[in-house]
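Please keep the structure in view while going through the numbered points.

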Amino acid sequence: MHKHPRALGLAAHLSDDLTVADIAARRPVEPVTIVRPHAARRAARFFVEKFKGTSLYAVKANPSPDLIKILWDSGITHFDVASIAEVRLVASVAPAATLCFMHPVKAEEAIREAYAVHGVRTFSLDTIEELEKIMRATGDATDLTLCVRLRVSSEHAKLSLAAKFGAAPDETKELLFAARQAADALGICFHVGSQTMSPQAYIQALGRVRAAIVEAAVTVDVIDVGGGFPSVYPGMTPAPLEAYFDAIHAAFEELPVSYSAELWAEPGRALCAEYASLLVRVERRRGDQLYINDGAYGALFDAAHVGWRFPVNLVREPESDAKDLPFSFYGPTCDDIDHMAGPFLLPADTQPGDYIEIGMLGAYGCAMRTGFNGFTAGETIIMADEPMASLYAEVEAEPKRFSNVFTL
Ligand SMILES: *Cc1c(COP(=O)(O)O)cnc(C)c1O
């Protein structure tokens with residue numbers, strides 16, 4: 001979890017022209033988390049303005065209270081929470097936010113507290129047992145929005161979410177029918193998998209939703225297309241987000257739902273990937289392996305365990321003019337599995353004492369940190385410069401091309 005920079009006495013460093021090289025020049029011993037609030041704000045505005053529905057921020061992607069506040073202030077009013085701790089967290093940071101408890105398998109005590117104490121009215125489920133649990137825990141409430149989670153394919157996603165949750169086609173009719181009886185508003189939700197590389201995934205999933213609605217012949221009030229919206233990483237450049245939105249809007253229009261049905265999405269990664277990066281130090285070099293001071297038990301879980309590649313940049317002045325080589329990383333703990341295969345392309349003369357910025361760690365990076373073996377994050381610094389990659393910078397820059405500033 002980030003410590004608030006001001007609490008660390010860093011306010012003096014929050015100048016707009018601070019560079020990552022300035023931070024490296026102070027030779028921090030522990031990994032530095034660099035946060036870029038403007039990047040999260042820009043992503044939130046993009047979803048608020050271009051997605052024709054309600055965007056719920058999936059808190060698990062990055063539960064930083066600062067980030068939750070930034071997203072709330074940028075127009076994100078709904079939050080997808082999955083545990084009672086996330087419910088309490090968002091309720092404390094953004095008390096007026098609408099919380100949706102979208103984990104299909106919840107503790108009954110968690111449902112009870114969410115409903116009675118925090119005003120949560122939206123719950124997801126994928127079994128009759130969970131429906132009964134929700135009704136028990138809420139005292140047979142009549143003001144619930146119940147979202148039935150369907151199992152859909154993850155074939156277009158880099159990280160599957162297809163195995164664990166979601167009602168199978170032969171279970172959905174009975175479940176939709178039962179949920180309809182109990183719910184004030186009935187929703188259908190799904191998750192196409194994280195970092196979904198093609199809008200086709202949502203079209204296919206919404207085809208599955210259509211079949212389920214037709215079969216059960218129920219009135220549906222909410223269609224929730226879940227998360228899965230991509231960010232940009234080395235070797236993974238997705239279609240523009242507008243293409244995803246267009247595909248979803250068109251498929252939603254065709255669904256046999258009530259005239260006033262609402263469209264929801266639950267972006268996690270896409271709202272926060274650009275928010276944070278990490279500045280690490282090289283402690284040792286062995287051939288093409290760099291031993292750095294953060295790793296699999298820190299912010300680089302996905303780099304270690306699912307072979308994710310993140311953009312890297314050697315922060316050295318003057319800049320190295322050596323040609324790039326593929327490196328792998330070892331993290332600081334004593335485990336062999338604290339290893340990130342990459343490849344990470346860095347100048348051939350990268351050496352101990354050098355600092356490397358690892359980008360796009362705002363989603364499922366900082367959120368995954370443990371204190372294993374005594375290695376934790378150092379300070380957090382707010383920056384105003386551009387993230388190492390962006391799906392939104394281009395979009396924002398576009399209008400300038402038509403202004404007289406760039407007239408030839
Ligand atoms: C993880 C998760 C999300 C967010 O997924 P992203 O791929 O980060 O957009 C949304 N909804 C549910 C139910 C999730 O489990």
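1. In strand S13, Ile-292 is the bridge partner of Val-282. Helices (H or I, at least four residues) and strands (E, at least two) are DSSP runs, numbered from the N terminus. S13 covers residues 289–292 and pairs with S12 in the antiparallel sense over 4 bridges; two strands pair if DSSP finds at least two bridges between them.

2. Some remarks on the source are needed. This is a predicted model, in which local features need pLDDT of at least 70 and side-chain atom pairs count only at pLDDT 80 or more, while totals for chains, interfaces and linings use all residues. Residues are numbered from 1 along each chain as its sequence is written, and side-chain values use heavy atoms, with hydrogens and water left out.

3. What lies between S12 and S13? The two strands form a hairpin with 2 residues between them, and Gly-287 in that turn has a positive phi of about 65°.

4. Strand S1 (residues 32–35) runs antiparallel to S12 and is joined to it by 4 bridges, with Val-35 opposite Ala-276. Strand S17 (residues 355–358) also pairs with S12 in the antiparallel sense, over 4 bridges; here Leu-278 stands opposite Ile-358.

5. The domain assignment, automatic or taken from a database, gives domain 1 (2–36 + 276–382) and domain 2 (38–272). Taken over C-alpha atoms, the centres of the two domains are 32 Å apart. In contact (heavy atoms within 4.5 Å) are 17 residues of domain 1 and 20 residues of domain 2.

6. How much area is buried between domain 1 and domain 2? The value is about 1,600 Å², of which carbon and sulfur atoms give 61%; buried area is the accessible area (1.4 Å probe) that two parts lose on being put together, summed over both. In domain 1, Arg-36, Trp-308 and Tyr-364 lose the most area to domain 2, together 41% of what that side buries.

7. Between domain 1 and domain 2 the count of salt bridges (a side-chain nitrogen of Lys or Arg within 4 Å of a carboxyl oxygen of Asp or Glu) is 0.

8. Helix H4 (residues 84–93) has as its buried residues Ile-84, Glu-86, Val-87, Leu-89, Val-90 and Val-93, buried meaning under 20% relative accessible area (1.4 Å probe, protein chains only). These residues pack against helix H3 (65–73), strand S3 (78–81), strand S4 (98–101) and helix H5 (108–118).

Key. Buried < 20%, exposed > 50% of the residue type's maximum accessible area, 1.4 Å probe, protein only.
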